[in-house]
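Take a look at the model below. We will walk through its side chains step by step.

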Amino acid sequence: MKLSSSAVKYPETVFSVRSDYVIALIPALLWSIYRFGTNAIFLMLASSCTALIFEFLLKFLVYKKPLMPDIYSIYMGLIFSLTLYSETSWVLAAAGGAASVIIYRFMGSKGQCFIFAPFAARILSVAILPELLKSPTDLASKYLYTNSIPAASTYDFMLGTVNKSIGSVSAIAIVIGAIYLLIRKNTNKISAISYLACAFLLMFFFPIMEGRGMESAVNEILAGEILFVFAFVMTDFSWSPRSTFIKFISGALSAVITIQLLRVGMYSDAYYVGITSIGFVSFILDRLLFTIKHSNYKKGETLNADQ
């Protein structure tokens with residue numbers, strides 16, 4: 001089976017393209033396991049295995065399709081687990097993996113899904129069980145968004161020695177995965193680059209920490225969440241807009257909303273809320289632009305026929 005998408009310019013099988021995203025996660029997964037031990041393993045297994053099981057159930061009970069494995073469900077489960085803290089219950093990880101698949105399937109799973117399902121599942125989890133997602137050891141937020149004595153250095157953020165969500169802990173591990181995806185080419189590079197560039201410029205010219213523009217910008221990028229979104233979320237073709245222009249707008253607006261939410265003290269949840277909310281906006285803009293282009297095309301055909 002070949003994959004055809006506005007974001008994929010080279011013919012590949014569905015399995016090979018989606019496998020690339022799982023492969024790109026490997027450095028972050030390994031570092032998380034090294035940093036957090038068995039807690040990280042349990043979270044990853046609970047979320048990804050539950051996502052795969054619910055994928056089977058949905059295909060069999062709802063779509064009446066053969067029980068063919070979909071590696072993208074594993075990817076969504078892993079992504080959700082990587083947004084959690086090491087202290088999070090594995091039960092919540094399992095529930096989030098299931099929710100990711102359900103959201104993805106019912107919001108549209110054929111390239112038209114307009115939100116990133118694992119982030120939507122993360123928001124849903126916070127809304128239902130906020131106490132289970134709190135972390136007493138998130139030192140990065142204290143360092144980046146308060147005027148207290150710094151809790152970590154730039155070097156700590158790069159290597160991943162600061163306690164954060166298990167997936168955004170090491171900038172180096174995330175960058176390795178991002179490079180792999182960019183080499184493989186089957187990515188939405190426009191939204192990804194737009195997001196990263198806009199986020200950096202906003203942090204540089206309008207720093208959250210007064211008088212620390214460059215330091216704040218560099219450390220925020222290296223802290224992990226922005227790189228995590230850049231590498232594994234904005235590059236994902238499954239929820240990207242079809243229009244090149246809307247892809248650019250989607251990346252830029254995601255950065256603007258995220259940075260603004262950080263300013264009001266939302267911290268890590270700012271990334272999930274920002275990306276999800278802009279997903280709705282970009283979907284509407286994408287459909288509107290498509291309708292206008294299609295209407296103009298029809299008018300052109302009518303004029304040519306009359307002539």
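A residue is called buried if under 20% of its relative area is accessible, and exposed if that value is over 50%. Partly exposed residues lie in between. Keep in mind that this model is predicted.

Phe 119 and Tyr 272 are both buried.

Other rings gather as a group. Tyr 21, Tyr 72, Tyr 75 and Tyr 104 are linked into a cluster by ring pairs. Arg 35 lies over the face of Phe 36, 5.3 Å from the ring centre.

Now turn to the surface. A nonpolar patch there has about 660 Å² of accessible area together. Its members include Ile 53, Leu 57, Phe 60 and Phe 106. Helix 2 (38-61) and helix 4 (90-107) each supply at least two of its residues. Helix 2 gives the largest share, 4 residues. Leu 57 lies in helix 2. Its relative accessibility is 40%, so Leu 57 counts as partly exposed.

Last, the cysteines. A disulfide is a covalent bond between the sulfur atoms of two cysteines. How many disulfides does a search of the whole structure find? It finds 0. Cys 49 is partly exposed because its relative accessibility is 41%. Cys 198, at 17%, counts as buried.

Technical notes: Residues are numbered from 1 along each chain as its sequence is written. This is a predicted model: local features need pLDDT of at least 70, side-chain atom pairs count only at pLDDT 80 or more; totals for chains, interfaces and linings use all residues. Side-chain values use heavy atoms; hydrogens and water are left out. A disulfide is a pair of cysteine sulfur atoms within 2.5 Å. Buried means under 20% relative accessible area, exposed over 50%, partly exposed in between (1.4 Å probe, protein chains only). Rings of Phe, Tyr and Trp (its six-membered ring) pair if their centres lie within 6.5 Å; planes under 30 degrees apart count as stacked, over 60 as edge-to-face and the rest as tilted. A charge sits over a ring if NZ of Lys or CZ of Arg is within 6 Å of the ring centre and within 35 degrees of the ring normal. Patches are made of residues with over 30% relative accessible area and no salt bridge: like charges are joined within 9 Å, nonpolar side chains (Val, Leu, Ile, Met, Phe, Trp, Tyr) within 5 Å. Accessible areas come from the Shrake-Rupley method with a 1.4 Å probe; for residues, only the protein chains shown count as cover. A salt bridge is a side-chain nitrogen of Lys or Arg within 4 Å of a carboxyl oxygen of Asp or Glu.
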